[in-house]
Amino acid sequence: LAHRARANVHVKIEAGLNRLGLPPDEALPFIDHVRAVEGLTLEGVYTHFPSADGPTDDGSGRSDTEQRFERFVAIADQAEVPLRHAANTATLLRYPQMALDLVRVGVGLYGISPGASDDDPFSASALNLQPVLAWKAMLVDVHDVPQGESVSYGATWTAEQDSRIGV
């Protein structure tokens with residue numbers, strides 16, 4: 001880093017959303033690399049779940065989100081970092097025990113319910129949420145998604161073949 005500047009770093013670990021995170025099997029080696037770079041301080045690790053607003057039981061007794069959370073926590077524990085965060089709005093509402101050290105409330109701050117239908121206890125009307133914005137975005141990344149991997153909240157699209165997507 002120029003002029004002996006220091007930067008605190010949070011490393012994102014992929015948990016199925018397929019947006020900008022490291023694959024779980026690459027996370028610990030990358031974290032070791034970050035620790036070795038002069039000027040960087042590893043402050044935390046985080047993840048983002050694809051379907052915290054989805055079904056709560058996949059037949060195993062645990063939801064997809066709970067299983068992904070357990071995998072993330074296992075890596076985070078090995079990383080021995082000061083801060084861990086995994087909870088977005090949907091996660092915080094449905095799984096408050098996953099709040100960890102930080103939360104990223106996101107769409108809930110803007111009066112938007114995270115994918116809940118009108119009869120859901122977490123719907124905008126049940127929570128008395130009022131939208132306060134309009135969404136506009138620019139493309140920030142283009143990357144490959146292997147066949148069979150899902151993308152987005154609720155895993156609303158699955159690659160039928162190796163694909164290139166824009167985020």
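User: Why does Ala-155 count as partly exposed?

Analyst: This is a predicted model, and in it Ala-155 has a relative accessibility of 32%. Buried would need under 20% and exposed over 50%, so with its 32% Ala-155 falls in between and gets called partly exposed.

User: Where is the place of Ala-155?

Analyst: Look in the loop between E6 and strand E7, which covers residues 157-158. Ala-155 also has a positive phi of about 50°, although it is not a glycine.

User: Which loop does Leu-100 lie in, and what is its phi?

Analyst: Leu-100 sits between helix H3 (89-94) and strand E4 (102-103). Its phi is positive, about 50°, and Leu-100 is not a glycine either.

User: Why is Leu-100 called partly exposed, rather than buried or exposed?

Analyst: Its relative accessible area is 27%. The buried label stops at under 20% and the exposed label starts over 50%, so 27% puts Leu-100 in the partly exposed group.

User: Now Pro-146. What makes it buried, partly exposed or exposed?

Analyst: Check the number again: Pro-146 has a relative accessible area of 44%. Exposed means over 50% and buried means under 20%, therefore Pro-146 is partly exposed. You'll find Pro-146 in the loop between strand E5 (142-145) and strand E6 (150-151).

User: Which residues is Pro-146 in contact with, leaving aside its neighbours within four places in sequence?

Analyst: Those are Ala-159 and Asp-162. For a contact, heavy atoms have to be within 4.5 Å, so Pro-146 has heavy atoms within that distance of Ala-159 and Asp-162. As for Glu-38, its C-alpha is 34 Å from that of Pro-146, and the two are 108 residues apart in sequence.

User: Which residues of helix H1 are buried, and what covers them?

Analyst: In H1, residues 24-36, the buried ones are Ala-27, Ile-31 and Val-34. Their cover includes strand E1 (7-12), strand E2 (40-46) and helix H2 (64-79).

User: Why might residues on a helix point the same way?

Analyst: An α-helix has 3.6 residues a turn, so residues three or four places apart point the same way.

User: How many helices and strands does the protein chain have, and what pattern does it follow?

Analyst: There are 3 helices and 8 strands. Along the sequence they read β-α-β-α-β-α-β-β-β-β-β.

User: What percentage of the protein chain is buried?

Analyst: Of its 167 residues, 35% are buried.

Methods:
Residues are numbered from 1 along each chain as its sequence is written. This is a predicted model: local features need pLDDT of at least 70, side-chain atom pairs count only at pLDDT 80 or more; totals for chains, interfaces and linings use all residues. Side-chain values use heavy atoms; hydrogens and water are left out. Buried means under 20% relative accessible area, exposed over 50%, partly exposed in between (1.4 Å probe, protein chains only). Helices (H or I, at least four residues) and strands (E, at least two) are DSSP runs, numbered from the N terminus.
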